[in-house]
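Please read the points below alongside the sequence and the coordinates.

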Amino acid sequence: MSDLHSLYLPCPRGLEQALLDEIRDIDGCTARLESSHHAGVALRGSLRDVMLLNLHSRIASRVLLRIAQAPVAQADDVYRLALRQPWERWFDATRTLRVDVTAERSPLPSLHFAILRAKDGVCDHFRLRDGQRPSVARENPDVRIHLHLDASNALLYLDTSGEALFKRGWRAAHGEAPLKENLAAGLLRLSGWTPQAVLYDPFCGAGTIAIEAAQMACRVAPGLQRGFGFERLQGFDAAQWRQLREQAQAARRDAPAPIIAADIDPRMVRLSQDNAQRAGVEDALQLRQGDALEGAPPLQLAPGQSGWVLSNPPYAERIEAKGSQAQDFLARLGDRLKQRFTGWNAALLLADLRAERGLGLKASRRHVLYNGPIECRLFTFALVAGRPPRKPMAEAAGTAPGESQ
Ligand SMILES: C[S@@+](CC[C@H](N)C(=O)[O-])C[C@H]1O[C@@H](n2cnc3c(N)ncnc32)[C@H](O)[C@@H]1O
């Protein structure tokens, strides 16, 4: 059996290249790109790579290991494909099992039925072979099988992650409209922030962006606090896994620059504090309660130091709240960035695609992202000195997006 496997790592849409950059930076990972997709990347890698990717990737949602692929025209083809795979290579009939499905332009009329047929195929494989079949468990199964259906094919994967990778194990409760951890990690990568620069999230909510940043800065691997599906698979190399975890633990260091998070709501500040503590980075984070639209910046940048305001402000998700309140908020935020954050960079995730006009700032980059189903932009701004004052609203209203100052 080949030592290399075809892997597929789904990720939030818009973060495919950021995921590839991240994988390239994982020490010791030898997985190579096979192809880049919409919301995922296909790699070829070893079981050691599978462990490393699960342990270190902040952006991937899962690490799937391909078992089979074949053309299918009906659900019974899925059954036959599942029936003939040598599943005993990975688990035995005493294990509990769950099958999930994703589909893109699949002609099969019922995805639920496709799941049932895949499950029947796996179970009948063991029944015919051993006279015993695995049982199905929705909650906490030993083995997760992932079925993907495209316009003409079925692909069967083993889900080596188990729970989705954005579940790091540190979030106990969340605030209003929290970002998924892997989207927050993607924002940090796309923004251009590096751990040598100051990071400030003035609308921190549950602290997701700042905690991800603190773990990156302190070199705390995102998977150190959780278990993975591959640990329950046959042939799992426990000694190698222990070694990889120990190497990850030994990489820990202090954050090289301040990471500051604030929220107007004191409950959010406490929540961020609790989450940071569970994530093991409370020492790297400075948490404050305050109104982002008032007061002084959290610190003055030292000569040669760079700083990033990175946030998903309110109104980023609630697209229905597009009234004058949201416009007024954006205008005040834009004025504040221009007046008080000269010399900083800013990266804001906003669902308002014309937000540049509202902010009165012209972005140097706009990255298309999806926060769940909501299309957003990560707008990046270099806040240089000497910006002209804001145009009156009536005049600005005639300006096309991207032309506003
Ligand atoms: C979209 S949420 C941020 C979610 C956060 N990224 C997370 O993952 O949990 C926006 C946050 O901004 C806070 N907020 C609203 N107005 C604010 C203001 N003027 N100053 C500071 N925080 C504010 C809210 O309390 C809320 O927690």
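**Note on the predicted model**

1. In the hairpin formed by β14 and β15, where two residues lie between the strands, G372 adopts a positive phi near 65 degrees. Strands here are DSSP runs of E of at least two residues, and helices are runs of H or I of at least four residues, both numbered from the N terminus. The model is predicted, so to speak of local features requires pLDDT of at least 70 and side-chain atom pairs count only at pLDDT 80 or more, whereas totals for chains, interfaces and linings use all residues. Residues are numbered from 1 along each chain as its sequence is written, and side-chain values use heavy atoms, with hydrogens and water left out.

2. Strand β14 (residues 365–371) pairs with β15 in the antiparallel sense over seven bridges, pairing being assigned if DSSP finds at least two bridges between two strands. Within this pair, R365 stands opposite T380 of β15.

3. Strand β15 (residues 374–382) is also joined to strand β13 (residues 345–350), by six bridges and again in an antiparallel arrangement. Here L348 of β13 faces F379 of β15.

4. The ligand is surrounded by 21 residues, the closest being T208, D263, D291, A292 and N312; a residue is counted if one of its heavy atoms lies within 4 Å of the molecule. By class, this shell holds 12 nonpolar, four polar and five charged residues, where Ala, Val, Leu, Ile, Met, Phe, Trp, Tyr, Cys and Pro count as nonpolar, Asp, Glu, Lys and Arg as charged, and the others, Gly among them, as polar.

5. A polar side-chain atom of D291 lies 2.8 Å from a nitrogen atom of the ligand, while one of D263 lies 2.7 Å from an oxygen atom of the ligand. Taken alone the ligand exposes 600 Å², of which the protein buries 91%, with accessible areas taken from the Shrake-Rupley method with a 1.4 Å probe.

6. The count comes to two cavities of 30 Å³ or more, a cavity being a set of points, on a 1 Å grid over the protein atoms alone, where a 1.4 Å probe fits but cannot get out.

7. Helix α9 (residues 324–340) supplies the largest share, three residues, and by class the lining has seven nonpolar, no polar and one charged residues.

Note on methods. A polar contact is a pair of N or O atoms within 3.5 Å; within protein, one must be able to donate a hydrogen and the other to accept it, and residues adjacent in sequence count only if both atoms are side-chain atoms. On a 1 Å grid over the protein atoms alone, a cavity is a set of points where a 1.4 Å probe fits but cannot get out, and a pocket is an open set with protein on both sides within 12 Å along at least five of seven lines; lining residues have an atom within 4 Å of a point. Grid points are joined across faces, edges and corners, and a volume is the space filled by probe spheres set on the points.
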